[in-house]
Structures are given as C-alpha cells and as structure tokens.
Amino acid sequence: MRTIRASEIGAFLFCRQAWYLQQQGVESQNQAELAGGTAYHQQQGKKVARSGVLRWAGWFILLLALAILAVGLTQTVLP
C-alpha cells in the first residue's frame with residue numbers, strides 16, 4: 001500500500017481532474033508558473049530561516065547587555 005501525502009489530498013480536493021492526470025504521469029503545461037512558485041517558496045524559506053537567526057541573535061545581545069549591566073552595577077555598589 002502506498003503512502004498518500006497531504007499535498008496529494010490537497011491536489012485532489014482542489015481539482016480532481018488535475019490529480020488524476022498527475023497520477024497518470026501527464027506533464028503539467030504551466031511549467032514556468034510552477035518554477036516561479038518554487039523559486040518564490042525557496043526565497044520565503046530563506047527569509048524565515050534568516051529571521052529566526054536574527055531573533056536568537058537579538059535575545060543573545062539582550063542577555064549580554066543585561067549581564068554587562070549587572071556587572072557594572074555590582075562594581076559601582078560594591079567597592
């Protein structure tokens with residue numbers, strides 16, 4: 001028994017004829033649009049990954065600043 005992917009179910013629900021043709025191995029006629037969509041999703045994925053890295057960098061910088069502030073205040077209060 002073969003595994004059915006969520007994208008396959010989505011394709012079936014969106015257009016049963018397109019799903020059937022895909023199952024028969026018929027090549028889609030809008031290859032340029034499909035390639036454009038793939039490129040767009042790759043760019044979006046890179047932006048999401050970059051934003052995650054920047055978020056963690058921001059938290060690290062905040063924690064570092066708080067540590068420096070704590071050390072500075074400790075040195076000012078204690079002789």
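**Legends to the views of a predicted helical model**

**View 1. Surface of the protein chain.** The protein chain exposes about 7400 Å², and carbon and sulfur atoms supply 67% of that area. The model shown here is predicted. Of the 79 residues in the protein chain, buried residues make up 3%.

**View 2. Helices and overall form of the protein chain.** The protein chain contains 3 helices and 0 strands. Followed along the sequence, the pattern is α-α-α. The C-alpha trace spans about 80 × 30 × 20 Å along its principal axes.

**View 3. The largest pocket and its lining.** The volume of the largest pocket is about 350 Å³. In total, 13 residues line the largest pocket. Those that lie nearest its centre are Ala 18, Trp 19, Gln 22, Ser 28 and Asn 30. By residue class, the lining divides into 8 nonpolar, 4 polar and 1 charged.

**View 4. Leu 69 in helix α3.** Leu 69 has its place in helix α3. Is this residue buried, partly exposed or exposed? The relative accessible area of Leu 69 is 47%. Buried means under 20% and exposed means over 50%, with partly exposed in between. Leu 69 is therefore partly exposed.

**View 5. Leu 69 and Val 53.** How far apart are Leu 69 and Val 53 in sequence and in space? In sequence, 16 residues separate Leu 69 from Val 53. In space, the two residues are 24 Å apart, taken from C-alpha to C-alpha.

**View 6. Confidence of the prediction along the protein chain.** The average pLDDT of the protein chain is 93, and 99% of the residues score at least 70. Which elements have the lowest and the highest mean pLDDT? The lowest mean among the elements belongs to α2, at 91, and the highest to α3, at 95.

Notes:
Residues numbered from 1 in each chain as written. Predicted model: local features only at pLDDT ≥ 70, side-chain atom pairs only at ≥ 80, totals over all residues. Heavy atoms only, no water. Helix = DSSP H or I, 4+ residues; strand = E, 2+ residues; numbered from the N terminus. Buried < 20%, exposed > 50% of the residue type's maximum accessible area, 1.4 Å probe, protein only. Areas by Shrake-Rupley, 256 points an atom, 1.4 Å probe, with all protein chains shown as cover. 1 Å grid on protein atoms, 1.4 Å probe; cavity = no way out; pocket = protein on both sides within 12 Å on 5 of 7 lines; lining within 4 Å. Points joined across faces, edges and corners; volume = space filled by probe spheres on them. Nonpolar A, V, L, I, M, F, W, Y, C, P; charged D, E, K, R; others polar. pLDDT = per-residue confidence, 0-100.
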